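Here are my notes for you, in numbered points. Have the model open beside them as you read.

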Amino acid sequence: MTYGERVIDRPLASLGRILVDLGSTVMDEVASPGDLGMEVTGVHIYDPLDELLVPPGGILLAIGVHAAGDIRDLLYRARSAAAIVVKVPVEVDEGVRAAVLETGVAVLGLTRAASWSQVAALLRSLLSEGDLDDPGDGPQDDLFALANAICALLDAPVTIEDRSSRVLAYSGRQDEADLGRVETVLGRQVPERYRRMLDERGFFRKLYQSRDPIYIEMQDGSLHRTAVAVRSGDEILGSIWAAVREPLDEQRLRAFSDAAKIVALQLLRERAGADTQRRLRADLLSTVLAGGSDAAEAAGRLGIATERLCVLAAQLTEVPDTDPARAESERQRFCDAFALHVAAIHPRAAGALVGSVAYAVLPLNTGGEEEERAVRVAQSFLARVGARYPANVGVGRLAASLNQVARSRADADRALRVLRARGTSGQAAGYTAVHFESLLMQVADVVMAEEQTPTGPYQRLLEHDAEHGSDLVATLRAYLDAFGDVNLACAQVHVHANTFRYRLKRLVEISGLDLADSDARLTVMLQMRIFGSQH
């Protein structure tokens, strides 16, 4: 059986299959219990400060673990895992080998050139996490299988890329290519220096204008490339790149062109399937967030937790408004990053885009201060994506069961609304921290819906300012904000203290407001907050 056939005929996301797909350049087997056919269910990140929860079949990324003794201890603690991943060089002694055989957990070595975020993304893409196929649906040949088939046809390692030079899939044998290809595979993106060089030499223009493969001679000592555009009619879907030592012969060029047509069909199928799955996932998460009788079934289909969780609501603060399709694509990519972040925190978390808001349901272990911990998760996400995705995140209160998820979602929406009203970006807030501001907004909503207007002293001051062009409302606001400290208040409105006292006396005469009455002060302050934006 050839390498390509072995990958195409793969019934499960087994540990052995994943190692074959990644190739020894990225990850290799260090200590094995023997059989690597166990099904891999997910990717999880080890945090020594948090409770270790690895479901059966999980791959545990052992960040910061190096010594043989620590590896051995972790094997026993994570005995339900399929494998643990440690950066090379990996210390393996007889104790580690004995633990591997006893627990059945493999130890894998990760190249030092890869970052943990890169390998997490690579593994999740191979596992196709988030698929919502009905039970019994058979696996379809995917882009990785096609990449390996093309590799076998051309006898050269290949990558399949989109229009932005992001790697959608790659074949085996990448270790036969060059450093640039290894960087491309690890980063799932063609390095900027190569993209710039290819663009400056006109290769992208030539590639997208041609219906046939083109040969590209590299000038930096790298292997040369043969590339072909993947198109559907006049639409360019992406391209396939083969690392070669010499131009392909006519037979292989024809095979390359034919392969591009098959890849185009697969890309169109996956695009349609991804859209369908995203809509289904969004519908299921919406059902969970709404609560009700169908929430439990929807949570079961999503595979998420049903108790002790917080709802997070994230929204971009800057979205391209010139192109609706581009704006929606940006929101979806932002949501994908958000969902990936919470999934790395907990295996039973889930995220989806609902309207313009990316929601996530995040389970939390016991220990108290759950809302504050969820806010820290949101802050960590914003710190990672802030340069590319300016956004805010609202966090709801803890939901002890599915029946309380709707309340947590409403909390998160209200916290997000407060941040939006403040005009901030890159901020996360829990509902309890912005509770009063949120209440005022809810009251303002009722006031606007019922077309209510200011009354009493505040109404009289507004009418006087409108008729005479005075600033008595601003004077009163400064006085109240300064807790009656005239010197501080007059500095805020930039007038002399005597002038401020005169205006204060006039506003009392005109409005009839008793500044010595605490209830009267509270009433006018609330009216200023509720009606201030409307006048």
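1. Let's begin with helix H3 and helix H4 (residues 94-103), which pack at an angle of about 10° with their axes 9 Å apart. Axes here are lines fitted to C-alpha atoms, for helices over the stretch in contact, with angles from 0 to 180 degrees between N-to-C directions. Helices (H or I, at least four residues) and strands (E, at least two) are DSSP runs numbered from the N terminus.

2. A word on the source: this is a predicted model, where local features need pLDDT of at least 70 and side-chain atom pairs count only at pLDDT 80 or more, while totals for chains, interfaces and linings use all residues. Residues are numbered from 1 along each chain as its sequence is written, and side-chain values use heavy atoms, with hydrogens and water left out.

3. Which residues of H3 and H4 meet? From H3 come Ala68, Ile71, Arg72, Leu75 and Tyr76, and from H4 come Gly95, Val96, Ala99, Val100, Glu102 and Thr103; contact means heavy atoms within 4.5 Å. By class, this contact has 7 nonpolar, 2 polar and 2 charged residues. Ala, Val, Leu, Ile, Met, Phe, Trp, Tyr, Cys and Pro count as nonpolar, Asp, Glu, Lys and Arg as charged, and the others, Gly among them, as polar.

4. H3 (residues 68-77) also lies across E3, E4 and strand E5 (106-110), and runs at about 160° to E4. These strands belong to an open sheet of 5 strands, ordered E1-E5-E4-E3-E2, with mixed pairing. Its edge strands, E1 (27-31) and E2 (42-45), each pair on one side only. From one strand to the next, the twist averages 30°.

5. Within that sheet, strand E3 (residues 58-61) and strand E4 (residues 83-87) run parallel and are joined by 3 bridges; two strands pair if DSSP finds at least two bridges between them. If you want a place to look, Ile59 has Ala83 in E4 as its bridge partner.

6. Another open sheet of 5 strands has the order E12-E13-E11-E14-E15, again with mixed pairing. Strand E14 (residues 391-395) pairs with E15 in the parallel sense over 3 bridges, and Gly394 stands opposite Ala429 in E15. Helix H13 (residues 370-385) lies across strand E11 (309-316), strand E13 (357-363), E14 and E15, at about 165° to E14. Helix H14 (residues 405-422) lies across E11, E13, E14 and E15 too, at about 35° to E11.

7. How do helix H15 (residues 435-449) and helix H20 (residues 518-531) pack, and at what angle? The angle is about 75°, with the axes 9 Å apart, and H15 and H20 are therefore roughly perpendicular to each other. Phe436, Glu437, Leu440, Val443, Ala444 and Val447 in H15 meet Leu526, Arg529, Ile530 and Phe531 in H20. This contact has 8 nonpolar, no polar and 2 charged residues.

8. Finally, the largest cavity holds about 140 Å³ of space. A cavity is a set of points on a 1 Å grid over the protein atoms alone where a 1.4 Å probe fits but cannot get out, and lining residues have an atom within 4 Å of a point. Grid points are joined across faces, edges and corners, and a volume is the space filled by probe spheres set on the points. Among the lining residues are Glu161, Arg181, Tyr194 and Trp241. H7 gives the most to this lining, with 3 residues.

Definitions and conventions:
Parallel < 35°, antiparallel > 145°, perpendicular 65-115°, else oblique. 1 Å grid on protein atoms, 1.4 Å probe; cavity = no way out; pocket = protein on both sides within 12 Å on 5 of 7 lines; lining within 4 Å.
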